[in-house]
Amino acid sequence: MLEYRIVHDIPGRMRIRYGRYRFSRNKALALHFALCKWDMLESADVNERTGSILFTYSVDQRDALIDKINSLDIPHFDDTLYEKLIKENKYLIDYRDINDQYIGKFTAIIARRYASKWFLPLPLPVRNVLTIYHTIRYVKEGLNSLVHKRIDVPVLDATRISVSLLSGQWGTACNIMFLLNISSLLEDYTKKTTSLKLKETLSVNIDKVWVLEEGKEKQIPTSHLQKEDIVVVQTGSMVPVDAEVVNGEAMINESSFTGEPLSKMVKQGSSVFAGTVVEEGKIYIKVRNLQLESRINKIVDMIDTNESLKAGI
């Protein structure tokens, strides 16, 4: 059994640590899905670099959580059982890759600035030539905006850098470009991580569903669903596909889809959509669109291309 220690513990939130790189990235992702099934947990974040797990749990369930942690045998944990789930939730891998990518970029910016300043001091004329070289990009972007009759941020950036250079304040120009690089990096990072978080929130992850076959309810993998199949959805369950209600009545919460906080009644002939939740009742629905063709999935696809859809203004 791999030993751990509690490094952070407040009511409802606990972090434990096994040690750096005690498990692989795949095992960390598999552990995330396995731990999220624990009844007392609201969320679990597994970090393979630090070998730590952050639990957010029901405040009155601390003892139950400790018991589950003590029974967790990480060295013999079979992550192959979650390979399909990891592939279907590619955003988790993307999120980690983005973190690695931007940590590397940020480190490179800091290293270039201070390493050359402290360890490789250059003669003043050489530093000035490099400053002018780096200024060219900002001036070109500013001039491009002016050519297209736009007064925007690139114009302001180019103006303040140029004014600093013309007034002989070379250090100020360098500091401005350094801060612009940092802010641009943070802006890009925020855009990408926000997009991934939206995709995570909207994604429909249902492994198995109940279907009606020859008058009997039977559980099958979601991947085996076909159009026209009759799916059974009841209180507390998420609707797995876009479909039409053929029998039963229920109160449906569509807040994840429409943003509307109030539930609505659905009955025979009503349409229901993947990602919505049955709050009360039981309905039999005929599959209209499978998961990849659902409206919620089209919203996720649109998030992927949101930069190309940005309004010109």
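This is a predicted model: local features need pLDDT of at least 70, side-chain atom pairs count only at pLDDT 80 or more; totals for chains, interfaces and linings use all residues.

How many bridges join β8 to strand β10 (residues 271-272), and in which sense do the two run? Two bridges join them, and the strands run antiparallel; in β10, Val272 is the bridge partner of Ala243. Residues are numbered from 1 along each chain as its sequence is written, and side-chain values use heavy atoms, with hydrogens and water left out.

Strand β8 (residues 242-253) also pairs with strand β11 (residues 277-289), in the antiparallel sense and over 11 bridges, where strands are said to pair if DSSP finds at least two bridges between them. Within that pairing, Asn253 stands opposite Val277 in β11. A further antiparallel pairing, over three bridges, links β8 with strand β9 (residues 264-266), and here Met251 is placed opposite Met265 in β9. In a regular strand the side chains alternate between the two faces of the sheet.

The loop between α8 (255-258) and β9 holds Glu260. Glu260 counts as partly exposed because its relative accessibility is 38%, the classes being buried for under 20% relative accessible area, exposed for over 50%, and partly exposed in between (1.4 Å probe, protein chains only). When neighbours within four places in sequence are left aside, Glu260 is in contact (heavy atoms within 4.5 Å) with Asn253, Glu254 and Ser255.

In soluble globular proteins, nonpolar side chains tend to be buried together.

Leu41, once its neighbours within four places in sequence are set aside, is in contact with Leu35, Phe55, Thr56, Tyr57 and Leu65.

What of the charged side chains? Side chains of opposite charge can pair when their charged atoms come close. Counting as a salt bridge a side-chain nitrogen of Lys or Arg within 4 Å of a carboxyl oxygen of Asp or Glu, the total comes to nine. In one of them the side chains of Arg62 and Asp9 meet at 2.6 Å, N to O; since Arg62 lies in helix α2 and Asp9 in strand β1 (residues 5-10), the pair ties together parts that are 53 residues apart in sequence. Arg62 is partly exposed at 30% relative accessibility, and Asp9 is partly exposed at 35%.

Another salt bridge joins Arg137 to Glu141, with the closest N and O atoms 3.9 Å apart. Because these residues are four apart in helix α5 (residues 124-147), about one helical turn separates them. Arg137 counts as partly exposed at 42% relative accessibility, as does Glu141 at 36%. A salt bridge is also formed by the side chains of Glu213 and Lys218 (3.7 Å, N to O), where Glu213 is partly exposed at 37% and Lys218 is partly exposed at 42%.

Finally, the chain as a whole. Its secondary structure comes to nine helices and 11 strands, taken as DSSP runs (H or I, at least four residues, for helices; E, at least two, for strands) and numbered from the N terminus. Of its 313 residues, 35% count as buried. Among contacts with a separation of 6 or more, residues 24 or more positions apart account for 65%. The chain exposes about 19300 Å², of which carbon and sulfur atoms supply 56%, the areas coming from the Shrake-Rupley method with a 1.4 Å probe and, for residues, with only the protein chains shown counting as cover.
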